[in-house]
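Please examine the sequence and the structure shown below before reading on.

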Amino acid sequence: MASRTSKALLSLGRINVSALGLNNAVNRITYSTALSIDSNSGNKDAPARGGRGYKRPRREEGAPRTENMPVDQDWTAVYPAAKTFRPSSIPLPVRMGYPVKGGAPPEKKGNLELIKIPNFLHLTPAAIKKHCEALKPFCTEWPSALDTDAKCDEHFPIKVESTDYVSAGLSVRNPSARIVHLKVKLSTLNLDEHARKKMLKLVGERYCEDTDILTITADSCPLRQQNYDYSMYLLTVLYHESWKTEAWEAEKTVADMEEYSWEGSPSQKNVLDMLVRMKVAGEGEGEEVREQLLGRSEVQEYKDSVTRLKNEGENESSMLQYKEAVKKVFNL
Amino acid sequence: MAAPTVLRRQLFPLARILSGLSHLKPRSLTVCSGHRRCAVSRFPPPLTPSASFHTATPLSSSAITVTEEPDVLFQKVLVLVKSHDRAVLDSYEFFATTAAQELGITVGKVFEPQKDIERVTLLKSVHIFKNHRVQYEMRTHFRCIELSHITGSTAKVYLEYVQRNLPEGVAMEVTKTAMEKVPDHILKPMWEDLPADDKPSQ
């Protein structure tokens, strides 16, 4: 029945193509006549079309194409694009599936497993070479002067990272694709001491001390270009703001300091008081005695060890250094 | 027509390096820097591979346009493919690495992150029978290909080629790390040029 309607449609199609501009009435007439001719010339005596026991005449299948394939044919012409597995077109004795007991896996003819799995028959090495030959003119060369990562970092210190997503689904878009990470090493920027400290305070968590990399992540805008622009804007603002010195920055207290400095600390006062009372530099008090004491090498060593302890934390070597310095100060 | 385009394309690497020292690129003071377009644009629509090597006609070089826009430079391009089937990823890895080698792209490392199994335990029956459950799992296999030192145009070409031949049921994530110079407006603080202005205090 399907073949009959298809034959009718084919005839209809041919008539349409040959006589353009026929109005619908004529087409309808041609369609009906085609149908009546077909039903009259049915080659089955009984039963009628669509009845029980009617078997559609099936044309014989010929020999599979694989038998006529020469060994040195151009495979890229046989499989130019991605196509499902057709066993009669592939001259390979491929078997796939769970083997029959004591036997081999099922053969390729009528094998659903081979049809289901994506095949790479269109991407043989010869095909890849041909494709790349055609694509070569569109590629540009990497500049030969930037062969090492160090040179790249020196000339191009700002790194912008973004991700693209490809997947099959209802939508092509992925909202995570708008996220932009901007990474820059602070040593490459033109910052003085005050600017660097202020920048670190402004930036907070985004700075990694071990690698000296500032990471700005922008994901608040819906488009990647917007997020990139915003991250560059942020970097510019941070840079210029850190060079500014505001009036209230003069109120910086000891608690705000990033590093411990010994000058003017209770430790300095205590050690100088102790030395004056021990009368190490002789009799007398006053500023000159303190300055004289400060100039002493033991006091300098003590200062170094205390600074190291406070900045680096307590570990074996810093504690040893502190012990030695204290012993020297007290002449033990 | 072919010779000057080839020459210009070869001069591009030099132009890119020199621009760092002599500021040849047009710069704008605004933060919104100009859009970086690839140096080599393709003619629309892209040719299907079958057409090119069936007829074996050479591509006319006049169809390739070379613009003056500086090419983006990617220090690293990470291609991560995910699938439920490890064999498909093996074949795809062979295809992607061969294509990269043919196009002259340096392949960093190709490795396989650990597979991720998501397991679900559900009740077997529609109603009651809490002690009888059925378990399903979804396995996701990964493959990661790292390409280094690749230009914007080459990256576009390679990624489009590789993405057009993504098999069904395979997803891809591409992480690109682009390198850029320090922009002009960050080279020195702007307060040096405006000494007379009062700095606004907050």
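## Terms and basis of the model

A residue is called buried when its relative accessible area is under 20%, exposed when it is over 50%, and partly exposed in between, using a 1.4 Å probe and protein chains only. The model is predicted: local features need pLDDT of at least 70 and side-chain atom pairs count only at pLDDT 80 or more, whereas totals for chains, interfaces and linings use all residues. Residues are numbered from 1 along each chain as its sequence is written, chains are lettered from A and ligands numbered from 1 in the order in which they are written, and side-chain values use heavy atoms, with hydrogens and water left out.

## Cysteines of chain A

A disulfide is a covalent bond between the sulfur atoms of two cysteines.

C132(A) is buried because its relative accessibility is 1%. C208(A), with a relative accessible area of 32%, is partly exposed.

## Domains of chain A

Chain A is divided into domain 1 (70–139), domain 2 (149–166 + 175–245) and domain 3 (259–330); such bounds come from an automatic or database domain assignment. The centres of domain 1 and domain 3 of chain A, taken over C-alpha atoms, are 81 Å apart.

An unreviewed UniProt entry lists residues 156–244 of chain A as "domain: Small ribosomal subunit protein mS35 mitochondrial conserved". UniProt positions are given in the numbering used here, feature names are shortened, and annotations may be inferred rather than shown by experiment. The span of residues 156–244 of chain A is 35% helix and 26% strand, and its end C-alpha atoms lie 26 Å apart. Helices (H or I, at least four residues) and strands (E, at least two) are DSSP runs, numbered from the N terminus.

P175(A) is located in the loop between strand 1 (158–166) and strand 2 (180–185) of chain A. With 58% relative accessibility, P175(A) is exposed.

## Architecture of chain B

Chain B contains four helices and seven strands, arranged along the sequence in the pattern α-β-α-β-β-α-β-β-β-α-β. Of its 202 residues, 37% count as buried.

In an unreviewed UniProt entry, residues 78–175 of chain B carry the annotation "domain: Small ribosomal subunit protein uS10". The end C-alpha atoms of this span lie 5 Å apart, and the span is 31% helix and 46% strand. L123(B) is part of strand 5 (residues 116–123) of chain B and is partly exposed, at 42% relative accessibility. L123(B) and R133(B) are ten residues apart in sequence, and their C-alpha atoms are 4.4 Å apart in space.

## Helix packing

Two packed helices are described by the angle between their axes and the distance between the axes. Axes are lines fitted to C-alpha atoms, for helices over the stretch in contact, and angles run from 0 to 180 degrees between N-to-C directions.

Helix 5 (residues 125–135) of chain A packs with helix 3 (residues 86–102) of chain B at an angle of about 40°, with axes 10 Å apart. Helix 5 of chain A is therefore oblique to helix 3 of chain B; angles under 35 degrees count as roughly parallel, over 145 as roughly antiparallel, 65 to 115 as roughly perpendicular and the rest as oblique. Within chain B, the axes of helix 3 and helix 4 (residues 152–164) come within 11 Å and cross at roughly 155°. Helix 3 of chain B is therefore roughly antiparallel to helix 4 of chain B.
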